[in-house]
Amino acid sequence: MQSVEILSRTHLLCAVITACAAAIALSLAATPAQAEAPLGAPVVRMPLGKSGQGLKAPGVKVTTYGKGKLYYGDAGLIVSDVAAYGATRGSFVLKDGIKLKRGSRAVTIKGLLVSVSGKRVSVSGKVGGRRMGIASGTPSSASVDVSRIALSVAVKKLTLTSGAVAELRKRLGKFSPRSRRLGLLSGGAYVVAPPTDGNSTIDSGTASSCRSVAGAPTDPAKPVTAVNIACASLTWHMRDSWITYLTQGGTAAPIAPAASLPAYPGSQHVCPTVGKTEEKAYSYSLPVQSGWWDAATGTGAIFSSGGAHFIRTDLGIDIAMTAIELRFNGSGSQAWTRTVDAVHTSETRIEYATMNAAAPRAGGPIAPGTKLTRLDTRITSEAASTTFGNNYAGGEHFGCVDVGFDF
C-alpha cells in the first residue's frame, strides 16, 4: 500500500478503517494479545481542529512529519503496532507525528499512542521527550477482537487536553485555541484478517456447513407452521460506486460483531454496478442471530447482528445501519435495517431494499440446505430519499446479499 498522499486513489477504505492485511500466522498463546505490526499500511485519521481551534490555534501552522500526510485537513498517521487487551481495551502505536510552528518556534508531538478503554479513548504523545496526554473523547463506535488482534474505533468529538494546551503554550510562546475540540478521529487495524473463504463466487458447498445461530426468533410475523433455523450464513455486498464515492473523503467501518471482508478490486465485485477497479472492502460478514422458514408458504426470515457505519463529514454523511433483516416472499422479498442518519436521528427500522428471491443472481433456490443464494438488492424510495439523501433513485441496484441456512 502506498502513503496517505494517494489514499483517495487507492486503498482509502482499508487504510483508514481496516488494515489491508492478509491473514498471517501468529501465536494465540499470549494473553493479552500484545502489540503486533499489521501488514500493509493502516492509517488512523487524526483530527487537528478547524481554523483557530484545537491544534490549529491562531498564528500556528500545523503539519505532519515523516510519512504522515495531511488529508482533508486531518493528519493521516500510519499504524505501526496494534494491541488488544480484552473485550473493550486495545491500542494503536502511530508512526511519525505532528509538528506545530509559530514564528521561529516549533514543537513536535511524537510517539503517538491511541488507547481504547471501555467508554474512553485517549491519545498520548511525547512533547520534548516527555510523554503526556494530548487528547481524549468518548468513542461513537469501538470494536476489539483479542483472537485476531484487531481494533477499530471512531470518536466524533476528540478534545485537546488542558495539559497539552499549557505545554504547547509554554513551548510556542503563545497558544490560545478558541476551542479545544479537534473533531473526528477514526481508524482501525488487524493482524489476522476476518474469516472468509477468499472466493468471489458463490460457495459450492451447502448451507449445512453454515454458522450456528444464537436462538429462536421472537417474530410476530412467523407462521405457526414455520420451523426455526439452526445455522445460517449472510454476507452483505455494498454497491461498488457507493463505497468509492464515500471513501474519497470519508470512511466505512463494520459495526461489531459484523466484520469487513478483505479488500478486492471493484472489477471483481460479485454484483457490480459500475465495475471500477479501485481495491476496497465492499463486503461485510454478518452473524445471523435467528431465523425461520415455512415450507408451506415458501416464506422465511433471517435476523442478523452488527452492520456498517458510513461517514463522510464534508458532505454531511453519517449513517449507521445495523440488524439487517431479510424477509423472503418470492418476488416481494425485502431487506430491512435499523438505521440512524440525518433524518432518522434515533434508531429506526426502515425497508432498505427489495429483492426477488424467485430470480436469484446465482446459487439457490432459497430453501434450507441448498447452495448459498445470491440476491440482488434494489434500494427503496424511502431509503433513497432519507438515508441516502436523494443521491440515488428508488429501484436502483444497490449491491447484493449471499445467504444460506439450514435446520
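**Close-up 1. C271 and C400 form a disulfide, with their sulfur atoms 2.1 Å apart.** A disulfide here is a pair of cysteine sulfur atoms within 2.5 Å, and the structure holds one. This pair links distant parts of the chain: C271 lies in the loop between β19 (264-265) and β20 (279-280), while C400 belongs to strand β30 (residues 397-406), 129 residues apart. The link of C271 and C400 is left-handed, with -85° about the S-S bond. Both C271 and C400 are buried; buried means under 20% relative accessible area, exposed means over 50%, and partly exposed is in between (1.4 Å probe, protein chains only).

**About the model.** What you see is a predicted model, in which local features need pLDDT of at least 70 and side-chain atom pairs count only at pLDDT 80 or more, while totals for chains, interfaces and linings use all residues. Residues are numbered from 1 along each chain as its sequence is written, and side-chain values use heavy atoms, with hydrogens and water left out. Strands are DSSP runs of E with at least two residues, helices are runs of H or I with at least four residues, and both are numbered from the N terminus.

**Close-up 2. Here we visit G399, a residue of strand β30.** G399 counts as buried because its relative accessibility is 0%. Take a look at its surroundings: leaving aside neighbours within four places in sequence, G399 is in contact (heavy atoms within 4.5 Å) with H237, M238, R239, C271, L375, D376 and T377. C271, one of these contacts, is also a partner in the disulfide with C400. For T377, the C-alpha atom is separated from that of G399 by 5.6 Å, and these two residues are 22 residues apart along the chain.

**Close-up 3. The peptide bond from A256 to P257 is cis.** Its omega is near 10°. To find the spot, follow the chain to the loop between β17 (251-255) and β18 (259-260), where P257 has its place.

**Close-up 4. D96 has a positive phi although it is not a glycine.** The phi angle of D96 is about 60°. You can find D96 in the loop between β6 (89-94) and β7 (97-102).

**Close-up 5. A323 has a positive phi and is not a glycine.** For A323 the angle is about 50°. This residue is found in strand β25, which covers residues 317-328. A323 counts as partly exposed because its relative accessibility is 25%.
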